[in-house]
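Welcome! Here is a short briefing to read alongside the structure. Let's start with its pocket and then turn to its core.

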Amino acid sequence: MSRRNNNERLGAPHPDAPAPPPTHEIDNDTFSFVTPTDFVELPSAGRFYAEGHPLHNETTIEIKHMTAKEEDILSSEALIKNGLAISRLLQSIIVNKRIDAASLLLGDRNAILVASRITGYGPHYGVNTRCPSCYAKEDHTFNLEEIGNSTGSLPEGVEDHEDGTFTFALPTSGVSVRVKMLTGADEKYLAKSAENMKKIKKEASPVTNLLKTVIVSVNTVTKSSMIHQFVDLMPLPDVRVLRETYESIKPDVDLKFHFTCTSCSYEGEVTMPLTAKFFWPNL
């Protein structure tokens, strides 16, 4: 009985066998690329987040640069139609996944969007702008890298509760109102309310809906139905004071730019309009 050759038993190649084809080694460096990140300064400096929130007293937030994944989000017709594209984008680029994008204050949200727009599509944003003097429209290019933060200020008579809420008195009715800073979730709710009114062919109420969302309590009353009733009956001077006070307190990005009109030579400040071209520049 013949014995098996050890080479055959061990699977070793026969001396006369053809050499195996060369293998191509994968360059590990190709797959070691790490998406770069940036730290974005928050207009709120973390002051208006309650204790326990990941951004409480945090002055910055880390975000990653946009990739093809984020462009897919911005290109999704379903997400755009349902108004979810921006919130999904934010959730995708925020590095700390403990942070819920819906809980971001609107000013901080805007700062993150500006930073991600710069890294994704560059700092130049061309958009049709209306002259505040002659109302002529013209294309104007804004440099997003010139945008700074406005940290807000506390007017006299306003009490800061250091949890994102503030109390102050209204001049005409004499009541004390407590207001909160709006978040991404609040903005979504307001947009949904406006959409629902449009579906049933009723006139939207953007001012009253905003006030009903901003106000936390009237004197000591916190019941929503009572607050809504008060808003519907609020004297116009009180409405003006409440809105002006809220705008003073609110931290946000500063979208004011110097502008020169080519039609009437007006020179002054304009607020940069935010349109679909901000994240969809090819529209």
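Helix 6 (184-199) gives the largest share of the lining of the largest pocket, 8 residues. This is a predicted model, where local features need pLDDT of at least 70 and side-chain atom pairs count only at pLDDT 80 or more, while totals for chains, interfaces and linings use all residues. Residues are numbered from 1 along each chain as its sequence is written, and side-chain values use heavy atoms, leaving out hydrogens and water.

**The largest pocket**
- About 1,200 Å³ of space lies in this pocket, the volume being the space filled by probe spheres set on grid points joined across faces, edges and corners.
- A pocket here is an open set of points on a 1 Å grid over the protein atoms alone where a 1.4 Å probe fits, with protein on both sides within 12 Å along at least five of seven lines; lining residues have an atom within 4 Å of a point.
- Its lining has 45 residues, and G83, I86, R109, E187 and K188 lie nearest the centre.
- The lining divides into 25 nonpolar, 7 polar and 13 charged residues, with Pro counted as nonpolar and Gly as polar.

**The nonpolar core**
- The largest nonpolar core has 65 residues, and I61 is among those with the most contacts inside it.
- Such a core is a set of buried (under 20% relative accessible area, 1.4 Å probe, protein chains only) nonpolar residues joined through side-chain atoms within 4.5 Å.
- Helix 5 (residues 106-121) supplies the largest share of this core, 6 residues.
- I61 touches (heavy atoms within 4.5 Å) residues including F39, L104 and I112.

Key:
Buried means under 20% relative accessible area, exposed over 50%, partly exposed in between (1.4 Å probe, protein chains only). Helices (H or I, at least four residues) and strands (E, at least two) are DSSP runs, numbered from the N terminus. Lists of a residue's contacts leave out its neighbours within four places in sequence.
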